[in-house]
Amino acid sequence: MPKRPIVRTAAAAILCLHGAVHAINGAQLGGYGIRNAAMGGTSIALPLDASAAANNPAGMGFVPRSAALDLQVFRGQSTSEYVLPGNRLDNRQTTPVPQGGINWPLSPTLALGLSLAASGSGADYGQPALPVPGAGNARSTLRIGELVPTVAWKPRAELALGFGLTLAVQQFEAQGVVVPAPVPGGLLPLPEHGSQTASGVGWRAGVLWKPAADWAVGASYKARTPMGRLDGYRHDLLAYSGGKLDLPEQYGAGVAWQATPRLTLAADWLRIQWGELKVMQDPAGFGWRNQPVWRLGASWAVDDRLTLRAGFSRNRGPIASARTVQNLLVPAIHDKAWTAGLSWALDRDDELSVGYELDPRSTLRGSGDSAGTDITSKVQLFMFGWQHRF
């Protein structure tokens, strides 16, 4: 794998702070930035703090000189009835996920910023998936950290254009994977390769336009980020993609409307191109589909100090029922989320925010070759954030 020491040094700290997450949008969280996440993730036309570059780089052109430090605490519970009648597997995880950023306007027309985001997927069942000699406990972890250095330019006061790099690092580990053996009807455990790390560099861009004082529209694009090889897995579990787990291309558009001086409404449409990744095209692999996402959010400024937020997100789940067996270790089955939150201004420069996301209990029932395998999952996220103006 090519060495990228700058990328690794810049992003590795994120991986040290979080474990595996399986949330609303495959391996991605429902929203980045606590205030936007509490509004169902709506963010493409609504930059609320220095995390904005993770959603739309152009948003940094409308963010003041400030910093944001956020934490989403993931709490996931899933169970699986796997292949054999009565073979029940249980998975529970509590994981901190850091986010944040800093934005520094150099002039009324130019701003430099840095946002960070973390995501991932995985499960730990604490026992072998099947009673196969030599099989270890069924467990997987995918951690992804992204740093997004950004420049935003405002050719006019109401228009911003943004460009950012995606400096990504990932860690992947899987154990207890059982596959069909050459002998008809036989099963064979794959060897364990431990934790492998890869890095990659991509780019993203966006535009944000405010045609009127109470309206904003935006669009963003994130190119596929090619990642290095996870060498230990390139000859078995990830052989089809040459040992690579690239980050998907995605694009979207959003609108925000300040309906009254205190009420703001927002909506986003986002498409995540999971199905275009080589690893997802493996006939025997995960097989995630391209995923359209709809997000709605609202905020209400009760007074000069208190703001309330709520939102809803809906998508097409990335896993088809016929691929249930292959996704035992990455149970990303949720297709809807409800969110709520509030912010409290401590003074003119500091604000505390909290939020909550519920991905209701959902069940994916296997069909075709996955008949007899069901996965049930419920996810909660508890959000905490601090925003500071310089």
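Guide: The largest cavity in this predicted model has a volume of about 180 Å³. Its lining consists of 17 residues, and those nearest the centre are Leu142, Leu245, Trp274, Met280 and Trp288. By class, 14 of the lining residues are nonpolar, two are polar and one is charged. Two strands, E4 (139-156) and E5 (159-175), each supply at least two residues of this lining.

The second largest cavity holds about 90 Å³ of space. Here 15 residues form the lining, with Tyr32, Asn55, Gln250, Leu270 and Arg295 closest to the centre. The lining of the second largest cavity comprises five nonpolar residues, nine polar and one charged. In total, the count comes to six cavities of 30 Å³ or more. As a general point, rolling a probe the size of a water molecule over the atoms shows where empty space is left.

Strand E1 (residues 66-81) pairs with strand E2 (residues 88-107) in the antiparallel sense, over 16 bridges. Within this pairing, arginine 75 has threonine 94 of E2 as its bridge partner. Six residues lie between the strands in the hairpin of E1 and E2, where valine 83 takes a positive phi near 65°. E2 also runs antiparallel to strand E3 (residues 110-124), to which seven bridges join it. The hairpin that E2 and E3 form has two residues between them, and serine 107 has leucine 110 of E3 as its bridge partner.

A further set of pairings involves E13, E14 and E15. Strand E13 (residues 306-315) is joined to E14 by nine bridges, and the two run antiparallel. Phenylalanine 312 finds its bridge partner in tryptophan 338 of E14. On its other pairing, E14 is joined to strand E15 (residues 350-365) by eight bridges, again antiparallel. Alanine 340 is bridged to tyrosine 356 in E15, and a hairpin of four residues joins E14 to E15.

Notes. Residues are numbered from 1 along each chain as its sequence is written. This is a predicted model: local features need pLDDT of at least 70, side-chain atom pairs count only at pLDDT 80 or more; totals for chains, interfaces and linings use all residues. Side-chain values use heavy atoms; hydrogens and water are left out. On a 1 Å grid over the protein atoms alone, a cavity is a set of points where a 1.4 Å probe fits but cannot get out, and a pocket is an open set with protein on both sides within 12 Å along at least five of seven lines; lining residues have an atom within 4 Å of a point. Grid points are joined across faces, edges and corners, and a volume is the space filled by probe spheres set on the points. Ala, Val, Leu, Ile, Met, Phe, Trp, Tyr, Cys and Pro count as nonpolar, Asp, Glu, Lys and Arg as charged, and the others, Gly among them, as polar. Two strands pair if DSSP finds at least two bridges between them.
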